[in-house]
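Dear colleague,

Please find the structure below, together with its sequence. I would be grateful if you would read the notes that follow with the model open beside them.

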Amino acid sequence: MKFSVIIPAYNAERYLRQAIDSALAQTCRDREIVVVDDGSTDSTPQILKAYPGVRVVTQQNLGLSAARNAGIEVATGEFIAFLDADDGWAPDHLACVEERLAPSPGAGWVGTAWHEVAEDGALIRPVQPFARTGLRTYLPAASHRNILLPSATVVRKDLLDQVGRFPADVRRSAEDKIVWAKLAMVCPKCLFVSDCTVFYRLHGQSITRQMGGSLERPAIEYDRFARQMAVVASTAQEGVGRFRRGMAVRCLARVLYAGDAELQRRWGEEFSRFLLGGGVVARVPFHHWPRLGRAVAWCIIVGLDIRGRVESRVR
């Protein structure tokens with residue numbers, strides 16, 4: 001079983017060495033490392049010259065999706081292991097994935113648990129979507145919380161080719177969720193591993209943090225939601241209804257909390273029609289109650305977090 005480690009890098013000088021070093025330190029030796037320099041203007045190209053054993057692909061700045069696709073294009077491994085340039089792996093990450101895959105030869109994709117870490121690498125908390133390792137149907141499992149992290153996800157290359165890889169028109173933020181929905185259409189069950197072998201770095205320069213307070217975030221949230229709904233629209237797969245409702249509620253919560261009055265009105269009406277088929281809620285003048293909207297959003301977000309924590313302990 002050969003792994004191709006794909007590391008997209010754009011102005012990644014601050015943490016890139018740590019990411020590459022963690023990939024090189026893997027106890028699983030049957031692997032290659034591909035770094036895609038997505039038009040960096042900092043010292044990223046110079047850093048990469050210090051790693052002769054790493055394959056480097058250079059392109060103009062086309063965004064995260066295009067960078068991952070460029071890495072997949074040249075990969076020679078059976079499985080693609082994604083690693084963001086600001087994250088890292090424990091030395092046994094790929095070995096753990098390989099070991100867990102052995103009893104489940106039909107598994108096409110794998111997600112491990114991860115540690116959230118601070119900018120300096122200090123551990124903050126472990127994130128375990130499930131307490132026990134096992135195959136689970138992705139759609140119902142992902143209905144109300146994030147259960148896959150790109151740096152903690154490994155996918156068979158032929159499956160990525162089958163679903164068209166990452167959407168090239170999505171340059172940043174939540175592009176992975178569109179791919180996960182597509183993968184669920186061709187391989188419904190994902191192998192979830194409870195071992196925390198990934199270090200997900202929380203810092204102010206990450207795309208997630210930069211987009212967090214952005215005025216365009218609510219519109220992006222809705223775009224990703226709409227794309228995922230389009231992917232699952234024609235399936236009668238187990239849990240698709242739960243997935244559609246859960247994703248709608250999560251997206252609505254973020255829009256209510258972060259959007260301005262006009263966005264709240266627009267998306268509030270849209271989601272209420274989707275969730276309830278119209279009726280009283282569809283006619284609520286969202287622009288009259290932004291504070292209430294934020295309160296409702298907090299209740300939804302906290303409720304989903306509590307539900308996720310409970311489920312992770314009992315499964």
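**The cavity and its lining**

The structure holds 1 cavity of 30 Å³ or more. Please bear in mind that this is a predicted model. About 80 Å³ of space lies in this largest cavity.

Which residues line the largest cavity? They are Tyr138, Ala142, Arg145, Asn146, Ile147, Leu148, Lys177, Trp180, Gln228, Met247 and Arg250. Sorted by class, this lining comprises 6 nonpolar, 2 polar and 3 charged residues. Two helices, H7 (175-186) and H10 (240-258), each contribute at least two residues to the lining.

**The chain as a whole**

The protein chain contains 12 helices and 10 strands. It has 315 residues, of which 54% count as buried. Among contacts with a separation of 6 or more, 77% are between residues 24 or more positions apart.

**The nonpolar cores**

The largest nonpolar core has 41 residues, and Trp109 and Tyr138 have the most contacts inside it. Apart from this core lies another, of 37 residues, which includes Ala19, Ile20, Phe79 and Tyr200. Tyr138 also belongs to the lining of the largest cavity.

What does Trp109 touch, leaving aside its neighbours within four places in sequence? Its contacts are Tyr138, Leu148, Val154, Val155, Trp180, Leu183, Ala184, Cys187, Lys189, Cys190 and Leu191. Among these contacts of Trp109, Leu148 and Trp180 are also found in the cavity lining.

Trp109 leads us to strand S6, which spans residues 109-117. Is this strand mostly covered or mostly uncovered? Strand S6 is mostly covered, with 9 of its 9 residues buried. In general, the side chains of a regular strand alternate between the two faces of the sheet.

Strand S6 pairs with the following strands:

- Strand S9 (residues 153-156) runs antiparallel to S6 and is joined to it by 3 bridges. Here Trp109 stands opposite Val155, a residue that is also among the contacts of Trp109.
- Strand S10 (residues 189-201) pairs with S6 in the parallel sense, over 7 bridges. In S10, Arg201 is the bridge partner of Val117.
- Strand S7 (residues 123-127) is antiparallel to S6, and 4 bridges join them. Val117 stands opposite Leu123 in this strand.

S6 and S7 form a hairpin with 5 residues between them. In the turn, Gly121 has a positive phi of about 95 degrees.

Not counting residues up to four places away in sequence, Glu175 touches Leu64, Ser65, Arg68, Phe166, Pro167, Val170 and Arg224. The C-alpha atoms of Glu175 and Arg227 are separated by 9.9 Å, although these residues are 52 apart along the chain.

Asp84 is found in the loop between strand S4 (79-82) and strand S5 (88-89). Asp84 has a relative accessibility of 16%, and therefore also counts as buried. Leaving aside neighbours within four places in sequence, Asp84 is in contact with Ile7, Pro8, Ala19, Arg68, Pro150 and Ser151.

Yours sincerely

Methods
Residues numbered from 1 in each chain as written. Predicted model: local features only at pLDDT ≥ 70, side-chain atom pairs only at ≥ 80, totals over all residues. Heavy atoms only, no water. 1 Å grid on protein atoms, 1.4 Å probe; cavity = no way out; pocket = protein on both sides within 12 Å on 5 of 7 lines; lining within 4 Å. Points joined across faces, edges and corners; volume = space filled by probe spheres on them. Nonpolar A, V, L, I, M, F, W, Y, C, P; charged D, E, K, R; others polar. Core = buried A, V, L, I, M, F, W, Y, C linked by side-chain atoms within 4.5 Å. Buried < 20%, exposed > 50% of the residue type's maximum accessible area, 1.4 Å probe, protein only. Contact = heavy atoms within 4.5 Å. Pairing = 2+ DSSP bridges.
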